Amino acid sequence: MSRRDDRRRRIEDSFAEFQRAVSAALGSVAREHRALATEHAKDLVEFTVRGTGIDRALRDSALTDVTPFLTVDEKRIGNPRQAPLSMAEFQDRLAQIRHDWQQSYHEWTTTGPDQLTELVNSVARGPASWPYESWLGHPGTHDGSEGVPELWRIGTGEVVSAPEAAPFPVAVPLLDQSHLHISSTPDSRQLADGLVESLLLRVLSHFQPGLVHVHVWDVGQLTGSLPGLYPLTRANLLTVHDPARLHELLDELSEHIRQVHTKVLVDGHLTVRSVSGEGRRTEPWRIAVLFGNRKALREEHQQQLQRVARNGLACGVQLFIVDIPITVNSPVETVVLRSDGSATCTMTGKDVRVTLDPAFPRTLVPRACAAIAEKREERRSRMGTFGDLLPDRPWTESSAAGVIAPVGFDDGEQVCVQLGDTSPHALVGGPSGSGKTNFLYAMLGSLCARYSPDELELYLLDFKEGVSFAQFAPGRKDPSWLPHARLVGVNVNTDREFGVALLKFLADEMRRRADAAKQHEVTKLEHLRAEDPGGRWPRIVAVIDEFQYLFGERDQVTAAATQLLEDVARRGRSQGIHLVLSSQDVSGIEGFWGKSAIFEQFTVRIALPKARRVLAEPQNDAAVELPRWHAVINHESGVKPGNEICRVPDSTAKGTMDFLQNELWRREPGQAPGLFDGSKVPLLDALPDFSDLRPGDASPTVLLGQVIDVAGSAARVRFARTPGRNIAVIGSVVQDAAAVLGGAAASLGRQHHPRGARFTLACLVDEAEPSAQHLSKRLRADGHEAEVIYLDGIREVLDETAKDLQAIGKGETDAPLTSHYLVLYGVDAAQTLLEQKDPATRASGVDSLRTVLKHGPENRTHVLGWWRGVQRLKASLPPGVYDDIGAWVAFDVQGKELLSLGPEQVMSWSPRPRRGLFFDRFEHSRPQVIIPFDTGEA
Amino acid sequence: MNPMMTTMFDPVPPQRGSEQPPRRTEEVAPAPALSAVERYKEIIAIATDAAARQRKLDEVRCAELAQRIAATQQRIAEVSDRERVVRMGAHLHWESAVEQLWNERWLQMVPFPKADESVPPRPQGEYLKAMDVAYQALEDSLAKRTLLRRKQKD
């Protein structure tokens, strides 16, 4: 190789090396530059994506799509631009962002939509959320007793910012919970109409036809809104209001709210829902749909609408407000429809895009509404039997706040009578034949089916043969009784004392409850029941038919009855004691008109056809034109706006009340009610007071008859060893006298061991003999010595008894150990005989009798005598000194004649069949009326 | 007989008012019962919370990125300056080399070298030094002939 070649090679090598060094130097710095630039670009992309929000960035075409227009350079290099988010360089960043996104939404993605679906499915069954195919066209069956679906479906929602599109049902609360406000644009108004129609159909198809009434007002049109619902107008379920008369609709709703407040929301209830409790909804819902035109309402309408909105929900008034700007201070859910058809709603918030369910098929909607209307009509015509008054399940309701009972039907709807703290007592009026009995039966049946005997007790009294409550007590033909009845008084007629006894019993019970309430530091029965959940505090309803008889005469019975009635009427309300007074006679009510204090308490007025003075006449004459079988129910003291007219179903026919009583009785008979039947004579042997008597008491008790009281207890006299413990029966009828003497002697016989007492039965008048013999037999059966003597033996017995007593008095002998009872029938018949003086001693038989009466009782010798007149009794006693007769029972004797024997109250006594006036001067301040026993003689 | 009523009493509920409440309290969980509406909104709140959480996360990251972007821009400006200086230096060397090689007519001339980014990552100074060294070597390889010629002339 030549030197030149060598040199050339070296130059070439070093030049090549130089080139490489330049390349490397340039490359190194360029690479550094590019790496930084790439990182920068990634940061910028991430910044952009996160700044926009990943969900929005992914939908942003500038980031995800490539524009079809290429620049000159791009065309030249044939390497078209890539969309930033699809470039490989950014994938790692994008992946990180996605990861963060998924993490943030992890809980929602995994549980949210599923939970919402499950929730809606569980609380909104049936028409409330299911697809229309499964229910549209089938009228609803719910009566509100199972509550109201808490949510009603409107569409499907999707959280737009979530990484995964998971649709879930969107539903809104309605009835009782929240109003609905819909605002749309002109483009989406049709969707709003569809939403309203769908929701109405869901509600209408859920409940029994009739439980939901729809009112529509459309500012733009009189007809044409919601055309599919028009068949409902036929059954009065849809009312379309005049566009120019919004105030009429608002007035109607306000008036309805007012009525609900005064009639339904009583006893501290705040909502209709709480009144209905778990039972059937008593007050239908009213849904008012207002279509506006996005302009504000007139100021007065706006204010009235706000008032309706504020108070409506509690009273079952629901508003659907479409395109009316409102400010409401009551629960409302809002659906905002955008022009593109999507929606947002306050249930789901701004992150959820709602797609409303498509409207139901045009052809099916009118058909479904027609079916609802038809069912409603059918129901309206069918409702109206006694059975329809009764609940599906008996004895499920609580009487804590009051009792409520449907008694009839108005246009297929039940009309109720309510007794509670604000409407404590009821007054029922109607002339004979107007259906008063029927009404009372309907009311009692309806009450008894709803409330168990632990929740409600009945005290039923009828003064005349008019209404008979006899069937509610066990009878010979029908052994069943009404388990709620604690006392049934029938044929009370002249025994007004029994009415007083009932009122007295109620007053005592009222005091007992007030005391218990005081101990628990409460004032009302409702609160007492809450404080003492274990206690038994039923409400008491006392029905007194033909109550005017109580006040029939100006005497102490009337005075006592008035005083007690006033007491119970005023204070019974808070202790759960309610009076239902009925009368066929206007005078019965008029007699009281002056005593407004009593009648103010009778806020419930029930007028049967032609009843007068029950309602506030003359302004309220509704009863005059009332057809047969109808009644005016008025809870507002009879003023006209309170009238509710209803038809009362036949409740006295066979298979109605009697059938119900039998069913309830078989379910749980409880204790049979006490029965007071004025036409019946109490059986001595059936009387608990008699069968409870036992030997052993030093001062035996004498039972003379039955006192007229709620317990049906016996009239008693204690035979202590003190002076005056003799009994006189005064009257001309042997039957009465024998009943008293028989009962008295038989009760004494029960209190002595066999042969522990001696009975001398002196039969001084012939007609008394059967009674004396019967008594003698009865006493002998008890093991006692019971000798029957006649007129010829009386003198001897009296003389001897007197002689013995005198001997004891002088200390010649000891007091006898055995008791001796002288039962003398018709003492006065022996008067002449007794008046004859013993020629030897100059003493007469009358003297002996007086000695026995005077000294006998302290030595266990008592006289039970019958005199046939007051003067005849007095003749047997020392003149002017009558205190040896400590107790007496008078029958057919005028009160005036008895004045010398008892207090001045005896003056008002006038004889009546099978009733005696009983007075015990040692125990009584005033006499009592008694009913003599049936001793089983006949 | 009323047919409605016979069916009415068949399902006899076992409860009596007074016995019911205690049993009920045993069954029901002590937690306060939420209404369906409240429950619904509670579930929706999971999504709302998630959105808020994501927004917060994005905000924090964006703030961080904004800082980085500013810092990177600074560094890019520096690197870009440096690259210009390197390129300028390389051009100067190249022009000088081309000038010196001008007389070597046998030599096939080549265009300015392209940047070779595949070189191993080393501090830029090393590459610059290597470039200087290579240039020096090229200069040396050219310079020897001149020396010899001078010697020959001498």
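In the predicted model, helix 23 of chain A meets helix 25 of chain A through Arg795(A), Leu798(A), Asp799(A), Thr801(A), Ala802(A), Leu805(A), Gln806(A) and Gly809(A). On the side of helix 25 of chain A, the partners are Gly845(A), Ser848(A), Leu849(A), Thr851(A), Val852(A) and His855(A). Contact requires C-beta atoms, placed from the backbone, to lie within 7 Å. The residues of this helix contact comprise 5 nonpolar, 7 polar and 2 charged. Here Ala, Val, Leu, Ile, Met, Phe, Trp, Tyr, Cys and Pro count as nonpolar, Asp, Glu, Lys and Arg as charged, and the others, Gly among them, as polar.

Helix 23 of chain A spans residues 791-809, and helix 25 of chain A spans residues 845-855. Their axes lie 8 Å apart, at an angle of about 50°. Helix 23 of chain A is therefore oblique to helix 25 of chain A. Angles under 35 degrees count as roughly parallel, over 145 as roughly antiparallel, 65 to 115 as roughly perpendicular and the rest as oblique. Axes are lines fitted to C-alpha atoms, for helices over the stretch in contact, and angles run from 0 to 180 degrees between N-to-C directions. The crossing of helix 23 and helix 25 of chain A is left-handed; in such a crossing, the near helix is turned anticlockwise from the far one by less than a right angle.

Local features are reported at pLDDT of at least 70 and side-chain atom pairs only at pLDDT 80 or more, whereas totals for chains, interfaces and linings use all residues of this predicted model. Residues are numbered from 1 along each chain as its sequence is written, chains are lettered from A and ligands numbered from 1 in the order in which they are written.

A buried residue has 20 or more other C-beta atoms within 10 Å of its own, an exposed one 12 or fewer, and a partly exposed one a count in between, with C-beta atoms placed from the backbone. Thr861(A), Val863(A), Gly865(A) and Trp867(A) point one way from the strand. His862(A), Leu864(A) and Trp866(A) point the other way. Strand 28 of chain A pairs in the parallel sense with strand 24 (residues 727-730) of chain A over 4 bridges. In that chain, Ile727(A) stands opposite Leu864(A). Strand 27 (residues 819-825) of chain A also pairs with strand 28 of chain A in the parallel sense, over 5 bridges. Leu822(A) has Val863(A) as its bridge partner. Pairing requires at least two DSSP bridges between the strands.

Val240(A) belongs to strand 5 (residues 238-241) of chain A. Val240(A) is buried because 21 other C-beta atoms lie within 10 Å. The C-alpha atoms of Val240(A) and Val214(A) are separated by 8.4 Å, although the residues are 26 apart along the chain.

Chain A has 26 helices and 31 strands. Helices (H or I, at least four residues) and strands (E, at least two) are DSSP runs, numbered from the N terminus. Of its 938 residues, 49% are buried. Among contacts in chain A between residues at least 6 apart in sequence, 73% join residues at least 24 apart.

Chain B has 4 helices and 0 strands. Of its 154 residues, 18% are buried. In contact between the chains are 73 residues of chain B and 72 residues of chain A. Helix 1 (3-8), helix 3 (36-101) and helix 4 (124-153) of chain B each give two or more residues to the side that touches chain A. Helix 3 of chain B supplies the largest share, 37 residues. By class, this side of chain B has 44 nonpolar, 13 polar and 16 charged residues.

Terms used: Two residues are in contact if their C-beta atoms, placed from the backbone, lie within 7 Å.
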